[in-house]
Amino acid sequence: MQQWANPHLLQAASEKSIEDMNEIKILVAILQVFHLLPSTAGVLLDDLVGSVVNLEVHLCRRESSPFRKPLFKFLNRYPTESVVYFVERIESTHYARIFVHALSSPECSPLREALMSQTPLLVNILREFCIHAEASSNANGSSTSSSVDAAVDAMAVDSEGAPNAAGLPTKQLPAYSDAVSKRLYVAMEAATMIHACLEFQPLWLEERSDLLQMLFATWAASTSLGVAPDQSSRLAKPVLVEHLVHCLLLATRAMGNPPTILFRLLDVAGRSSSVIDVSFVFKYVWDSLIVRWPISKRREILSAFLARLADMSTSDESNAILLQHLINPMVATVFTLPDIALTESASDTGSSGHGGSSATALSGTSRPPLTQEQRGIELLRAPVIAMFNQRVWAVHMPNGAQALLIKRASVRLELVQLSSILIRHAASAVNDIRKDIIKFGWNYIRNDDIMIKNASYVLVAQFIAAFDTPSKIILQAYSSLLKAHHVESRFLVRQALDILLPVLPIRLPPTAQQGNSGESGNGAAAGPPAWVVLAKRILIENSASLAHTTHVYQLIAGHPSIFFPYRTQFASNLVGILQKMCLTHSATSETRTLALDIMDLFLKWHAMLDNRKDAETVPAGDADIGSKPSVNANGSANTSTSMPVLVPAASADLLMSESRRETIVGLLLRMLCLVFDFALKSNLGPRALELLTQYLDSNKWPTMHLRLTFFERSMQQIEAQGMNQQLVLHILTVLSVVTNQMQPIWFEEYFGVL
């Protein structure tokens, strides 16, 4: 074989297709003979592997090398000797890659079984890396006991000390030594070998808990390392972490997703997200677990997590990861999935086998779909509710036994959101401990973190929607939400207000509802309710700052029926703010969208009034207008029952006067004809054009006498900038909308201009 392995011939063949070369075929045929030799041929292992390595080096081939399949047959013939041989040479890149390739090949099961039978070899390799990493960490002034929490941010730091994924400056650890770098590379190759075996034998780690624990220890040790001394070491750490995560995922799935191992897997994945792409782990958790688990399995996982909360050895960061990626989605989907297993027998059948699949349980049930209340009762049985109250609601309060147990804001935020989910969908299940829940939520309203504060307001709003609540608490929460204006948490404020507003007419006592509207009718001078007065006061006191009132205007525009009886209280404010929302330099896509919502709101109110224009006063109970909705147990508004509200028919003229309509039409024309970015580069242009059409509709409104000033100015701008066909077509489209609603006398006046 050495005579045929001419280096010059192999180097020349590296630039060609080697499939049809006779010399290569002869070399392959010679290699095919070795696995047929007597058992004593095992002594040729070193010479044969060395020859293949030399052939591949000269041929510039690795996994595509034609010499590997014959070599793998020989290795399968002597699997135990081969494992020892390659493990001893694991520091050599070429030898290690050949061995990993063999382990990854379907035909090499004897070799994999031999490696799995010698698990202590791999455990020792990983242990040596952990020992060296611990020594390096101690030399740098830290300990491995705190490395997982304190040094995990260093995984996101490059050699220049760049900030981590959260954008916060991180403390750069010193570079580790070449000896540690060497052990890191060896651990990486060992993890690659373990990964290759688990692809075929995923239950291996269930039988060898020592190796499983060593994989977790290896990951923890890798987080304590500082900056890599060279480029190869810098690449070795993410490769090691990626193979470790894959190994843990395969093992967890094969073992049926036991809570303890599943929690540790998600912890590792969440902390490694700044180093590698771990989306495959979260995708598996969602696709294979969260949307498929029966209720009994969810209850088991929830109970295990609640028990974990009291464990002082678990970190807040780990709990935050589990809440975000497992617990909260798992609980939320109980109430949103169209179908889910009900009976204990079906649930246990679907989740008892390895793999954790509950497809049988999901498809085998013949019961009708469960209601949200039934699902909540099934998930939150008495022991779970008691544990939840003990570990979350009752203790994390100023007078709780473990009030300071959770330090990290992210955990508090996730626990508040989890509580909101339970109140929203399973209020009846937590009815007996509702006092502890409101105390829990009210405590975090005082938190300095703005996200936690406003998430707690969402919880309080869900509580008010679900349970009777003192009016003092309701008004205080409502008033605080109206005053909240932080942009980063505005979506939470709006969510809380959208939950709270529909139930205000019911939850507040009659003394707070002294008047049904701000209008006078039948000689009565009744004032608006307290929640309307508060909203108007905020708009007046902060009229100079749009940022402080945007969420209030969004609230009014989003609930036209609720604010309809009090429309005249807000009409002037709504029209007066439109120009600032649309045409100032500070106008944004959000403010312009809100302006269009307000314009649409006036059309909705006008349509409501048109339905009752023939009556002087109409009971609001005959329709949705002015209704004061009741509330279901789950907190959603129920508009089927309404309290009578007298609405004067004459208020139509007060709502949409000619001057207000001219103001709105003028703003629409200015946006469409002068703000070209709005008209052409956003998706708001077509909506504004549709609103303009409705405001000019001669079947609904008196004819409006418009001037062509807007069109003249826009055409002058287009001519000054160079004729743009798209802009010209747009202006002509707007002009056609206007001319379609004009009277003949208007055409006579502007015939020359047109």
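Q: What does Glu378 form a salt bridge with?
A: With Arg381, and the closest N and O atoms are 2.7 Å apart. A salt bridge here is a side-chain nitrogen of Lys or Arg within 4 Å of a carboxyl oxygen of Asp or Glu.

Q: Before I go on, what sort of model is this?
A: It's a predicted model, where local features need pLDDT of at least 70, side-chain atom pairs count only at pLDDT 80 or more, and totals for chains, interfaces and linings use all residues. Residues are numbered from 1 along each chain as its sequence is written, and side-chain values use heavy atoms, with hydrogens and water left out.

Q: Okay, back to that pair. Is Glu378 buried or exposed?
A: Glu378 is buried, at a relative accessible area of 13%. Arg381 is partly exposed, with 33%. The cut-offs are under 20% relative accessible area for buried, over 50% for exposed, and partly exposed in between, using a 1.4 Å probe and protein chains only.

Q: How many salt bridges does the structure hold?
A: There are 17 salt bridges. One of them joins the side chains of Glu128 and Arg183, at 2.9 Å from N to O.

Q: New topic: which residues is Ser318 in contact with?
A: Setting aside neighbours within four places in sequence, Ser318 is in contact with Asp267, Arg271 and Arg308. Contact means heavy atoms within 4.5 Å.

Q: What joins the side chains of Ser318 and Arg308?
A: A polar contact of 2.3 Å. That term covers a pair of N or O atoms within 3.5 Å; within protein, one must be able to donate a hydrogen and the other to accept it, and residues adjacent in sequence count only if both atoms are side-chain atoms.

Q: Where does Ser318 lie?
A: In helix 17 (residues 316-336). Ser318 counts as buried, at 1% relative accessibility.

Q: What about Asp267 and Arg271, what do their side chains meet in?
A: A salt bridge, at 2.5 Å from N to O. Both residues lie in helix 14 (residues 259-271), four residues apart, which is about one turn of the helix. Asp267 and Arg271 are both buried too.

Q: Let's do rings. How many aromatic pairs are there?
A: The count comes to 13. Among them are Phe86 and Phe99, whose ring centres are 5.0 Å apart and whose planes are at 5°, so they are stacked. Rings of Phe, Tyr and Trp (its six-membered ring) pair if their centres lie within 6.5 Å; planes under 30 degrees apart count as stacked, over 60 as edge-to-face and the rest as tilted.

Q: Where are Phe86 and Phe99?
A: Phe86 lies in helix 5 (residues 79-88) and Phe99 in helix 6 (residues 93-104), so the pair ties together parts 13 residues apart in sequence. Phe86 is buried, with a relative accessible area of 0%, and Phe99 counts as buried at 0% as well.

Q: Which residues form a cluster with Phe86 and Phe99?
A: Tyr85 and Tyr95; together with Phe86 and Phe99 they form one aromatic cluster.

Q: Last one: how many helices and strands overall?
A: The protein has 39 helices and four strands. Buried residues make up 53% of its 754 residues.

How values were computed:
Helix = DSSP H or I, 4+ residues; strand = E, 2+ residues; numbered from the N terminus.
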